[in-house]
Amino acid sequence: MSSRTPASFQRRGRSLLAALCSALLATGLSLGTAVPAQADDVRSDEHWLKDLGITEAQKISKGAGVKVAIIDTGIDTTHPDLKGAVVGGADMSGAGAAQGQNPIGAMSEHGTLVATMLAGRGNNKSEIERITSENERLKKAWERAKKSAEEDDDEDTKPPKEPEYEEVPELGPGSDGMLGVAPEADLLSVSLWMGGNNPAGVSVEEQIPKAVRWAVDNGAKVINMSLGSTSPAWPESWDDAFKYAEDKDVVIVAAAGNRSGGMSQVGAPATIPGVLTVAGVDAQDKASQDSSTEGISIGVAADAEQLVGGLPGGGYARWSGTSGAAPIVSGVVAMIRSKYPEMKAPQVINRILQTARDVGEPGQDNLYGYGILNAQAALTAQVPVAEANPMDTITEWIRVHRRGKQTPPVNTDPGVSVEKSTIKPIAAPTPVAPEPAMTGLQATIVMGGGALVLLVLVIGGLQIASAARRERAAAIASGASIGTLPVDEPGRNGRDFFDDLPEERD
């Protein structure tokens, strides 16, 4: 199983990680070009609904009965396209509304933009206005006719009967405004304070795991996280929360991040194993130059440019970024979970990946993952059952990379460092038991053995000397000259030339 984030990244300081997360959460959530959009233009601008097969998929499922948690800046539930969509929420920042329905922070509109793309129900305001206008016209015509009749001197002229007016519907879903990918899904608004300067003083590092746990405990089967950091690493304090979601069969979808926000590679939480990471493409199905990063953790790609979404207060904006691509994928996940309620999270993710339209390098790559989302195929295709989550598992990652944690001893020498070593441990040599004290018999054997060795050496030396003498005699006899050799010279202590030759060493 591959490790999606090198362990070395995890050894960075806690404060540095918090700073990185805070910095990116303030810059990486850029709306790109957020300009006002007219309500009557919105539906026609949602090109991704047709391009990604969502319109056809909505004939099969619209996400009914599935709760999707949006961990973001809070959702304005008064937006006409979200009436009835948000069924609960909470604030993790300490600075927002208790139900998470008060957009907060420097980019407070972000959560509402994401929510309308994911589960916007549209609105019937134009129908309301049409019926209201027609009723007013009829009433004015009747009032004029009534006044004319009353002013007529002819006694036979009777005032006209007041017409029956068409009932004006309440505000609700309709053909105007944003139609989300999963317009029948239920939303949970979990608000965070993005970046620094949280007036409540709660860091992003603390808010994220609390938000994930709250979402799981309150019934979310999908969690959308259109946020990220400049670092692929994540604080160790996040491990348990993401494992908790994995254990509870929740699909977490995260944005890969935006180059325009200062990122070149995917950052956490999109690097966490098990998370379905979403990259962004432009209108030509090419990796977006401004609105997408790259990395081995990318699972699938979706539209990230020329987007439109709802703003707090009821307006709309054009925007771009993988923050918008993520809710498109989250919506399709909700559609799958609605159609196949018994299907487990790894299989849901596998459906998304195996039915994606391959682009870029053949097979999985760092820009598009498995390819571009195909919603219709994800709901209808025959997909082999995967043995495991193709995006890996945080449980296994923790087992491999968080193992061996040790608590330093309480009474430690102040001169000895207790800092955890990063050197891979090796096995210590097997200890050898010390020799026991010699017994009398052992001493006798050792001494006897030494005497025997000495005797052998003496006998061998005598034999060597005798052989040398024989060789010299043979040499003289044969006329060989050895007179020039310094044999038995005075002052050499009885040693000759051969004594001074160095011994050979193996």
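Predicted model: local features only at pLDDT ≥ 70, side-chain atom pairs only at ≥ 80, totals over all residues.
Buried here means under 20% relative accessible area, while exposed means over 50% and partly exposed lies in between (1.4 Å probe, protein chains only).

Residues are numbered from 1 along each chain as its sequence is written, and side-chain values use heavy atoms, with hydrogens and water left out.

## Neighbours of β6

Which strands pair with β6 in the parallel sense? One of them is strand β2 (residues 67-72), which runs parallel to β6 and is joined to it by 6 bridges. Two strands pair if DSSP finds at least two bridges between them. You can find one such link at I71, whose bridge partner in β6 is V190.

Strand β3 (residues 86-91) also pairs with β6 in the parallel sense, over 5 bridges. Here G88 has L188 of β6 as its bridge partner.

## The whole sheet

Now let's step back. These strands belong to an open sheet of 7 strands with parallel pairing, in the order β3-β6-β2-β7-β8-β9-β10. Its edge strands are β3 and β10, each of which pairs on one side only. From one strand to the next, the twist averages 25°.

V253 has L276 as its bridge partner in β9. How many of the residues of β9 are buried? The count is 6 of 6, so to speak a strand that is mostly covered. Both faces of β9 are covered: on one side L276, V278 and G280 are buried, and on the other T277, A279 and V281 are buried too.

Next comes β10 (residues 298-303), paired with β9 in the parallel sense over 5 bridges. Two places to look are A279, which stands opposite A301 in β10, and V281, whose bridge partner in β10 is D303. Although β10 is an edge strand, 6 of its 6 residues are buried.

## Two helices side by side

Helix α7 (residues 204-217) packs with helix α8 (residues 239-247) at an angle of about 20°, and their axes are 8 Å apart. That makes α7 roughly parallel to α8. For such labels, angles under 35 degrees count as roughly parallel, over 145 as roughly antiparallel, 65 to 115 as roughly perpendicular, and the rest as oblique. Axes are lines fitted to C-alpha atoms, for helices over the stretch in contact, and angles run from 0 to 180 degrees between N-to-C directions.

Which residues bring the two helices together? From α7 come I208, P209, V212, R213, V216 and D217, and they meet D240, A241, F242, Y244 and A245 of α8. This contact of α7 with α8 divides into 8 nonpolar, no polar and 3 charged residues. In this grouping Ala, Val, Leu, Ile, Met, Phe, Trp, Tyr, Cys and Pro count as nonpolar, Asp, Glu, Lys and Arg as charged, and the others, Gly among them, as polar. Contact itself means heavy atoms within 4.5 Å.

## Details in the loops

The loops hold some backbone details. D249, in the loop between α8 and β8, has a phi near 65°, a positive value in a residue other than glycine. Is D249 buried or exposed? At 15% relative accessibility, D249 counts as buried.

D392 sits in the loop between α11 (375-380) and α12 (394-401). Its phi is positive, about 75°, although D392 is not a glycine, and at 12% relative accessibility D392 counts as buried. Finally, look at P269 in the loop between β8 (251-255) and β9 (276-281): the peptide bond from A268 to P269 is cis, with omega near 5°.

Technical notes. Helix = DSSP H or I, 4+ residues; strand = E, 2+ residues; numbered from the N terminus.
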